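I opened my notebook to record what I looked up in this model. The entries below follow the order of my looking.

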Amino acid sequence: MDDTARPYLAAAARRHGRELAALAYLILQNRSAAEESAAAGLADSLGGPAAIGGDEPGRGQMVGAVLRRALEAHARIREIDAPHEAMPPVLTLLSPLQRAVAGGHLLAGVSQADLAATLGLRTERLRRELDAAKEMAGGRERLRQSLQAHLAGRAFAVTADQLERAMDLPPARAVAQPRRLRWVLSAAVAGLVAAALLAAGQPPATSAPPPAGSPGSAGMGVANPPGGTPAASTGSGGPKLPVDDRLTLADCDIQPATTPVAFRGWLTLGDLFAAGRDAPGGGTPVYALVTDGPAEWVGWQTTEGRPMFPRPVGRMACAVDPLTASATVFSISDLWEPPAPMDGCPASPIRRFAGEHQVGGPSAFMLLPFDGEAWWSRTSIVLRVRIAPRPEVGARITATAQRLDGSRSMSLPVDSQPISASTPPTSNLYLWLRPVRFPTAGCWLVTVAVDGVGVGAAILPISAPPA
């Protein structure tokens, strides 16, 4: 970045950062994420490093760019800053897009036409979303007052450094447009079920995927036969499935069991379903099989004898969660390819929370080392862990580590402060695994359990110490 541009960025951050971050907070309920979204949107509207110093973008352009960034971030931000300061009931009824539209129009004063253009929406759709928000809130003025009251007393700031870093971000994704009704309904049901189960630390049991090649076919297979329950369940009450070369397609009710397998190994849950790696629980490690060609999930044949239409036929994936040893079946795009490894290990998505970078999920995360530190083998190291939400008072927390090749396993010492009953149940618990000494370099699966039930795991690349 040219030194002459930094004063310009600092001035833009001072003039617009507070207001733009407040608008992003309406969507995210997370101050750090809101300020980062504001920096990213402001950088988008400035037009990149080459355009710095030119005419300042219009208000509508800045507001729309920030709201797009906040809507994009909403898929990967689960925690809110202050659970005890809940959003007003009027606003909880609104979708993130409706809060974005209402904030941009009623608070920021951007016209509906300009806001629709910057968000990439049709004006008709934006108007429908705004009208629906006003109706649920009891009118335009009550909605505006609720938005203002929710932001009252909250302080936000965007720094020049944040804005400078945001200049290198890839472009924001477009706001999703509605698909055909049947896919909207199925995706909504699937997303709610998957998010609820993943947030609870219990991925869905084996269940049926949508037909391959259809919209959402790369998504999570949670649609069940009408009136049915997940079939051929391999949850905690069923057989424990292996997470090594012993796993077969037959274990997952995928037939023919002799279908060639294009991928076998460890990756993260977000690599398999349409919500992506940043979705809640998307960083959870799983052991997966992915077919090289079409196959059929036959689990529906054991669910009340009801057939599924259309039949779940196409390219299939079966993923076993090491926390529960249960399987989930997915429909995979014909173009699906495994993710590239990182540091020689399956690449876990890196999330940021409260300024810390972390990997894992769905409810326990390993915080990445500070700059200048590393995870070495044969060296006493400290692993920092965040559990969200915190365990119950008196809960017993344990941790284990196992090499992905199954050659070594060990328990890890847990150092945690007592859990206080005065802290909100939705707060985070930070603890330490120390001292930890990995006997060999390689890829290690670290799992955290609460009262014997796994709540989170992460794949850590452990390096040999420098000579």
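**Entry 1: the whole chain**

What share of the 467 residues in the chain is buried? I found that buried residues make up 50% of them. Buried means under 20% relative accessible area, exposed means over 50%, and partly exposed lies in between, with a 1.4 Å probe and protein chains only.

I noted the ground rules next. This is a predicted model, where local features need pLDDT of at least 70, side-chain atom pairs count only at pLDDT 80 or more, and totals for chains, interfaces and linings use all residues. Residues are numbered from 1 along each chain as its sequence is written, and side-chain values use heavy atoms, with hydrogens and water left out.

I then looked up the elements. The chain has ten helices and 15 strands. These are DSSP runs numbered from the N terminus, with helices (H or I) of at least four residues and strands (E) of at least two. I also checked contacts, meaning heavy atoms within 4.5 Å. Of the contacts in the chain with a separation of 6 or more, 70% are between residues 24 or more positions apart.

**Entry 2: helix 5 and helix 7**

I looked at helix 5 (residues 96–107) and helix 7 (residues 123–137). Their axes come within 9 Å and cross at roughly 95°. The axes are lines fitted to C-alpha atoms, for helices over the stretch in contact, and angles run from 0 to 180 degrees between N-to-C directions. Helix 5 and helix 7 are therefore roughly perpendicular to each other. The cut-offs are under 35 degrees for roughly parallel, over 145 for roughly antiparallel, 65 to 115 for roughly perpendicular, and oblique for the rest.

Which residues meet here? From helix 5 I listed Leu97, Gln98, Val101, Ala102 and His105. From helix 7 they meet Arg125, Leu126, Glu129, Leu130, Ala132, Ala133 and Met136. By class, the contact of helix 5 with helix 7 has eight nonpolar, two polar and two charged residues. Ala, Val, Leu, Ile, Met, Phe, Trp, Tyr, Cys and Pro count as nonpolar, Asp, Glu, Lys and Arg as charged, and the others, Gly among them, as polar.

**Entry 3: helix 6**

Helix 6 covers residues 112–119. I found Leu115, Ala116 and Leu119 buried there. They cover an arc of only 100° around the axis, which puts them on the same side of helix 6. The arc is that of the directions from the helix axis to the C-beta atoms. What covers the buried residues of helix 6 includes helix 3 (59–74), helix 5 and helix 7. Just after helix 6, Gly120 takes a positive phi of about 80°.

I found Ala38 in helix 2 (residues 31–46). Ala38 is buried, at a relative accessible area of 2%. Not counting residues up to four places away in sequence, Ala38 touches Gly17, Leu20, Ala21, Val66 and Val158. From Ala38 to Leu67 is 29 residues in sequence and 8.1 Å in space, C-alpha to C-alpha.

**Entry 4: aromatic pairs**

I found four aromatic pairs in the structure. Rings of Phe, Tyr and Trp (its six-membered ring) pair if their centres lie within 6.5 Å; planes under 30 degrees apart count as stacked, over 60 as edge-to-face and the rest as tilted.

The rings of Tyr25 and Phe156 have centres 5.3 Å apart and planes at 55°, so this pair is tilted. Tyr25 lies in helix 1 (residues 6–28) and Phe156 in the loop between helix 8 (140–151) and helix 9 (160–166), so the pair ties together parts 131 residues apart in sequence. Tyr25 is buried at 4% relative accessible area, and Phe156 is buried at 8%.

The rings of Phe263 and Trp336 have centres 5.9 Å apart and planes at 70°, so this pair is edge-to-face. Both Phe263 and Trp336 are buried.

**Entry 5: backbone checks**

Most residues other than glycine have a negative phi, and most peptide bonds are trans. I looked for exceptions. Ala325 has a positive phi of about 60°. Asp343 has a positive phi near 55° and counts as exposed, at 63% relative accessibility. The peptide bond from Gly361 to Pro362 is cis, with omega near 0°.
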